[in-house]
Amino acid sequence: MLSFVLRRAASLAISLLVASVVIFFVLEVLPGDPARFMLGLNASPEALAALRTQLGLDAPVMVRYWNWLSGMASGDFGISYTYRTPVIDLIAARLWVSIPLAIYALVLATLIGIPLGVLAATNRNSPIDAGTMGLTQIGIALPNFWFAMLLVLLFSVTLRWFSSGGFPGWDDPAAAMMALTLPAIALALPQAAILARVMRSSLLDTLDEDYVRTARAKGLTRGQALWRHAFRNALIPVLTIMGLQFSFLLAGAIIIENVFYLPGLGRLAFQAITARDLIVVRSVVMILVFAVILVTFVVDIGYAAVDPRLRRGRQ
């Protein structure tokens with residue numbers, strides 16, 4: 001198990017290094033000059049040159065890449081061009097919105113998706129099964145930003161149950177959770193549909209196993225065999241998907257955060273892109289990539305701990 005963990009850790013480090021190279025140089029070739037954006041079109045060449053020197057933009061590209069990479073390794077993400085504050089402080093403030101939003105959405109997706117999957121599996125080939133799978137197909141196909149706007153129209157504009165956007169902060173936890181409810185529902189819908197389909201497929205495979213039929217032969221009812229034996233084993237692939245969904249919810253909320261004007265990582269990245277604040281964009285994207293890779297790493301380790309065959313298969 002130790003050798004497996006070390007190999008996965010090495011793979012994680014290599015993936016992060018490759019991601020840093022791609023992120024830095026892709027943003028480097030995009031058009032636009034941060035100094036000119038900050039000073040305006042009428043800035044003099046002398047002022048532009050002085051600002052580029054102050055921001056470190058006149059250094060060779062490899063030097064700037066190394067400074068950014070080594071700074072991140074030591075916890076120094078640099079200074080924002082626009083806000084003139086440490087990037088790490090900007091990211092830390094936004095994480096208090098993005099992480100609770102991702103957790104909230106994952107909880108809602110779990111509470112909706114797993115029961116629907118169980119309902120469909122226990123009523124295989126029935127109208128209930130067909131209807132449930134039809135709903136999940138709609139949930140997967142429905143764009144979450146469009147669904148978010150429908151939620152705002154219904155619950156904010158028409159019913160006035162929720163605010164249409166903004167975040168009051170965590171000084172009032174109840175108000176904060178209310179502000180995150182509609183965005184979490186918009187994010188949770190497609191993830192709940194995916195969980196329902198995976199849960200149905202996994203549970204159907206488990207119900208056909210010999211040990212479930214043996215349990216039925218020993219006198220257990222269908223419900224007892226389902227909950228005592230089949231359900232727990234069917235959860236293994238579902239938990240794997242849930243782990244991956246959390247990283248997706250954290251990294252993929254940029255549109256939803258902008259729809260609801262939430263001060264999270266996604267909105268920070270959007271504002272930094274429009275302001276050509278490249279150091280913020282690089283750092284935010286790198287943090288999101290790290291979150292995705294880290295969650296994948298944890299899922300792999302947990303899966304290998306549960307199933308020794310996986311460790312042997314990768315040796």
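Ser163, Gly165, Gly166, Met178, Ala179, Leu182, Pro183 and Phe260 line the largest cavity. A cavity here is a set of points on a 1 Å grid over the protein atoms alone where a 1.4 Å probe fits but cannot get out, a pocket is an open set with protein on both sides within 12 Å along at least five of seven lines, and lining residues have an atom within 4 Å of a point. The model is predicted, so local features need pLDDT of at least 70 and side-chain atom pairs pLDDT 80 or more, while totals for chains, interfaces and linings use all residues. Residues are numbered from 1 along each chain as its sequence is written, and side-chain values use heavy atoms, with hydrogens and water left out.

The search of the whole structure finds one cavity of 30 Å³ or more. Its lining has five nonpolar, three polar and no charged residues (nonpolar: Ala, Val, Leu, Ile, Met, Phe, Trp, Tyr, Cys and Pro; charged: Asp, Glu, Lys and Arg; polar: the others, Gly among them).

Volumes are the space filled by probe spheres set on the points, with grid points joined across faces, edges and corners.

| Space | Volume | Lining by class |
|---|---|---|
| Largest cavity | about 30 Å³ | five nonpolar, three polar, no charged |
| Largest pocket | about 460 Å³ | twelve nonpolar, six polar, eight charged |
| Second largest pocket | about 200 Å³ | nine nonpolar, one polar, no charged |

Leu55, Gly56, Leu57, Arg64 and Tyr81 are the closest to its centre among its 26 lining residues. Two or more lining residues come from each of helix H1 (2-28), helix H3 (45-55), helix H4 (61-73) and helix H13 (278-306). H4 gives the largest share, four residues. Helices (H or I, at least four residues) are DSSP runs, numbered from the N terminus.

Around the second largest pocket lie Leu16, Leu17, Ser20, Leu69, Met72, Ala73, Phe77, Met286, Ile287 and Phe290.

One salt bridge (a side-chain nitrogen of Lys or Arg within 4 Å of a carboxyl oxygen of Asp or Glu) is found in the whole structure. It pairs Asp129 with Arg200, and the closest N and O atoms are 2.8 Å apart. Asp129 sits in helix H6 (residues 127-141) and Arg200 in helix H8 (residues 173-207), so the pair links distant parts of the chain, 71 residues apart. Both Asp129 and Arg200 are buried, meaning under 20% relative accessible area (1.4 Å probe, protein chains only).

Conventions: Buried < 20%, exposed > 50% of the residue type's maximum accessible area, 1.4 Å probe, protein only.
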